[in-house]
Amino acid sequence: MTEKLLIIGAGPAGLAAAHAAAPSGIQIDIIDDNFQSGGQIWRGGFQQQSDARARLIWQELNQAQNVHFHFQTKLVHIEQHDQLFLATAEHAPQSSSQQFIANKVIIATGARELLLPFPGWTLPGVTGAGGLQALAKNGFPVKDKKIIVAGTGPLLLAAAATLTARGAIVTHIIEQAPMSALRQFAYSLLKTPSKIKQAIGLAWKLKQSRYYSDSFVVAADMMQEQKRVRISTKGKIVELSCDYLACGYGLTPNLEIAAGLGCELQHTNTNSHVKVNQWQETSIKQIYCAGESTGIGGVDLALAEGYIAGYASSQRTEYATPMLQERAIWRQFAEKLELHFALRPELRHLCESETIICRCEDVRYGQLQQFNEWRGAKLHTRCGMGACQGRICGNINRFLFSWERDLGRLPLQTTSIKHIMAIRSSDEDPNLNQ
């Protein structure tokens, strides 16, 4: 059997892994549930990216005969049979099942936005900061719309800049971190000059927006056709109005696939992430993980980890030395991000009794307060049992109540019975190990 590598995720980490592994001649399949490569960071296709690395990687992969992309394909099930990995995916356009057999797997599934509830967070026009950014990149009309971007971290500036470039009027940027933490973070950027240049560029693009530090959204409601947003800024309540409120509190790693395979996770006060060694290999041999799933650190860290995983999985570790050095630099940057943009405790106390926590099952904050762990709340209220399977409310409850949700259940996604039957047929295939 020809050596095969399955890469799950076509964002920067997955693309870098493929770019590193392709020259070895190994057969590479890359699956992603989006309709084109790039993930969240390089969304919109390589043609629209100002980052030259995106264009270079895509052009070279597109010419590689041993690299095959499978877009609009979501992983439903994956398991190990002896020395092989069997993955079942659902191809959306035809609603058909697709099977992948690989000797090695690289998990590069990125992260999702952390949404935190407050009264009014489920109103129409209230979105995640990264969510509205992604919609705008895909053509959602924001021209001349007044938008407030709120939450924490550099993602706010990137989202606001994207919206501004598409004609939106970003009136305010609301950052929950205090100015003292922002100054310390800015000082730490001296070790990464490229980030200083990036920050200056974003600040210039957003010079018309008012920037509030030490501030956060308390509540939102409707005022005629606009949103009325109440902001706590340095202890005072201020009311603002907008067409859209985009509110995101950083990112949280996507861990379902790694957990489903049984990879060891590390838990911190901020996030859980996949544990890897120096070559990005997980606790299970021949399974590698790169990018935000190993900890939130941005595109530069994701690329470095992706390259290391690609070199290691194709037995070309001699090429990885520069990326090992890059990874060390960007891991320090990630530590500064986590330290200086730590979420303030007040955000845990914004909900009212009727504030919705689980949007899929319409579960309210008051219903959850009587429980002291995830399983009990889930069994009694169905919190986390809807279409998203706890991907949104699970992270919310981890922040609000310190509950760890159950991870690693198979199948990984909601899917039809025919795809479940395809999994069973594959399990029974006597030719699997040939």
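Student: In which sense do β4 and strand β5 pair, and over how many bridges?
Tutor: This is a predicted model: local features need pLDDT of at least 70, side-chain atom pairs count only at pLDDT 80 or more, and totals for chains, interfaces and linings use all residues. Residues are numbered from 1 along each chain as its sequence is written, and side-chain values use heavy atoms, with hydrogens and water left out. Strands are DSSP E runs of at least two residues, helices are H or I runs of at least four, and both are numbered from the N terminus. Two strands pair if DSSP finds at least two bridges between them; β4 and β5 (residues 84–91) pair in the antiparallel sense over 8 bridges.

Student: Which residue in the turn of the β4 and β5 hairpin has a positive phi?
Tutor: The hairpin leaves 2 residues between its strands. Within the pairing, Leu75 has Ala89 of β5 as its bridge partner. The turn residue with a positive phi, about 55°, is Asp82.

Student: Is His77 buried or exposed?
Tutor: His77 lies in strand β4 (residues 73–81). Its contacts, meaning heavy atoms within 4.5 Å, include Leu86, Leu410 and Ile423. Buried means under 20% relative accessible area, exposed over 50%, and partly exposed in between, with a 1.4 Å probe and protein chains only. At 10% relative accessibility, His77 counts as buried.

Student: Is Lys197 buried or exposed?
Tutor: Lys197 belongs to helix α6 (residues 193–205). Its C-alpha atom is separated by 34 Å from that of Trp121, 76 residues apart along the chain. With 68% relative accessibility, Lys197 counts as exposed.

Student: Which residue in β14 stands opposite Phe216?
Tutor: β13 and β14 (residues 226–233) pair in the antiparallel sense over 8 bridges. Opposite Phe216 stands Ser232.

Student: Why is the pair of Tyr365 and Phe401 stacked?
Tutor: Rings of Phe, Tyr and Trp (its six-membered ring) pair if their centres lie within 6.5 Å; planes under 30 degrees apart count as stacked, over 60 as edge-to-face and the rest as tilted. The whole structure holds 10 aromatic pairs. For Tyr365 and Phe401, the centres are 5.8 Å apart, and the pair is stacked because the planes are at 15°.

Student: Where does the charged end of Lys207 sit?
Tutor: A charge sits over a ring if NZ of Lys or CZ of Arg is within 6 Å of the ring centre and within 35 degrees of the ring normal. Arg359 lies over the face of Trp121, at 4.5 Å from the ring centre. The charged end of Lys207, 4.2 Å from the ring centre, sits over Trp204.

Key
Lists of a residue's contacts leave out its neighbours within four places in sequence.
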